Amino acid sequence: MSERKCVSYKVLVGLEIHVQLATKTKMFTGVANASGAMKPGETPPEPNTAVDEQIMAFPGVLPVMNKRAVEYSIMTGLALGCEIARFSKWDRKSYYYPDLPKNYQISQYDLPLCNQGSFEIASEDGTPKTIRIRRAHLEEDAGKLLHEAPGGYAIDFSIVDLNRAGTPLLEIVTEPDLTTPKEVATFGQELQKLVQFLGVSEGQMQLGHMRFEPNINVHITDQNGEVFKTAITEIKNLNSFSVLERATAYEIRRQIHQWEQTGNLGRKSTYGWDDAKEETFLQREKEEAHDYRYFPDPDLMPVEVSDAWLMELKGQVGELPAARRKRYADSLGLNATDAASLAADKSAGDFFEGIVEKGIPAKRASVLMEALREMSNERALRIVDIGIAPDHLAEVGKLIESGKIAASKEVTKKVLDALLGTGKTVAAPNTVAELAQTLGLVQTTDTAAIDAAIDAVLATNPKPLEDYKSGKQSAMGALVGMVMKSARGMNAKLVQERLKEKLG
Ligand code: MN
């Protein structure tokens, strides 16, 4: 029996996250950003085609900074509440490995672009929790070493694909404020939503756009009230939220178990995750910063951020999802679910606001967005790529508000489908109304016509009328149905109103 017993413990997890930025070209050269700019469903280019002399480190080739990558990093820093450094520089991080032919990675060591921010997430009990951001710096990604040939052919050597090398990579580092595996995964998911909202990264986990490295240690209290702190271990390169959560949970258990069994608090080290075995495995004892021989890159100018540039980027960040969600709920009166779903997707939120600006009530606009979302899912297209403008949906909204067409998702989709069929991608006034007319979707709002239809039904169907008069409320529904059937395109709400009035 072990003499050491963990009575209670506190978990401390800090995250390092590498986010590939979705710029058109790579970090220090004009060749296509094949990895970071890739969208789901796209075919990746042939290996070693998104390369040039700079990526392959030909002698004498110099790097040129990608301004947009710097801007994307600053925008992310601003959204994370960071202080943006007015002066930052580039450093060489030396390492000898075939995935980066220069034998060093260009990174930022002691003067990162973004410092000391904070990001709010929901903790497990739903209350908001602030996670401090230590820093975020910009660097370049490495290539990929492959140990089997494309197509799954076994080889007894390794090959390299440099398409990923030189991709702009933003490394975000949090303070160790995360305290449960679930919280770690939640942070990852919220960060993914943020970078997608900002449009700085595609944020596709399966494409390796975001890789997570939790740094984990545990403060263990034993049966005598004494506290033992395990050494920090880092799990490398996790690229799914589920794995991130499971690997963190495993590593917490492993550290506690190791201490209980042996009294060993471990050493600062790096672990990998074996998904088949569902366990972490030791990779190496951690290198210290001096092992990398950091020194300033003499080929690159420092980055200086002016007031004007910073103001411009603040404008590009605009209103963040949390603020949007609150405004949609508080000022526009949407329920929490609708507000959250519209606020999480920038283009959907912008589209929705475009409809509201045309005078359509927010709740109606939110329902119209549901029809549009279904259409985009059916076509596997983004909302903004379907070919329908906010003006079109506002026209549909006006027809519904005036009672001309039924307030149903099916009718909305029929009109929009027909609109796409016309190939008119620019909203022309009356186009939508004309289409609704042609499709026979326009309802009669002419009260004289409705009254005539009601009179005809009442004259030939005395039974439901008597039932209603003797107090049978359900007869009203039957009568409405009969009137609706007697002539096409009646507005159900109007029919009911007129019937009630007639029957007193
Ligand atoms: Mn890094």
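A: Domain 1 (6-304) and domain 2 (319-438) each give at least three residues to the lining of the second largest pocket. The bounds of these domains come from an automatic or database domain assignment. The model is predicted, so local features need pLDDT of at least 70 and side-chain atom pairs count only at pLDDT 80 or more, while totals for chains, interfaces and linings use all residues. Residues are numbered from 1 along each chain as its sequence is written, and side-chain values use heavy atoms, with hydrogens and water left out.

A pocket here is an open set of points, on a 1 Å grid over the protein atoms alone, with protein on both sides within 12 Å along at least five of seven lines; lining residues have an atom within 4 Å of a point. Of the 26 lining residues, Gln196, Glu202, Asp345, Ser347 and Arg382 are the closest to the pocket's centre.

Helix H1 (67-79), helix H2 (181-198), H7 and helix H8 (362-379) are the elements that give two or more residues to this lining. H2 gives the most, with three residues. Helices are DSSP runs (H or I, at least four residues), numbered from the N terminus. By class, the lining has nine nonpolar, seven polar and 10 charged residues. Ala, Val, Leu, Ile, Met, Phe, Trp, Tyr, Cys and Pro count as nonpolar, Asp, Glu, Lys and Arg as charged, and the others, Gly among them, as polar.

Four residues of domain 1 are in contact with eight residues of domain 2, where contact means heavy atoms within 4.5 Å.

H7 (residues 346-357) also packs against H5 (residues 321-330): their axes come within 12 Å and cross at roughly 30°. Axes are lines fitted to C-alpha atoms, for helices over the stretch in contact, and angles run from 0 to 180 degrees between N-to-C directions. On the H5 side the contact is made by Arg324, Arg327 and Tyr328, and on the H7 side by Lys346, Gly349, Asp350, Phe352 and Glu353. Two of the residues in this contact are nonpolar, one is polar and five are charged.

Technical notes:
On a 1 Å grid over the protein atoms alone, a cavity is a set of points where a 1.4 Å probe fits but cannot get out, and a pocket is an open set with protein on both sides within 12 Å along at least five of seven lines; lining residues have an atom within 4 Å of a point.
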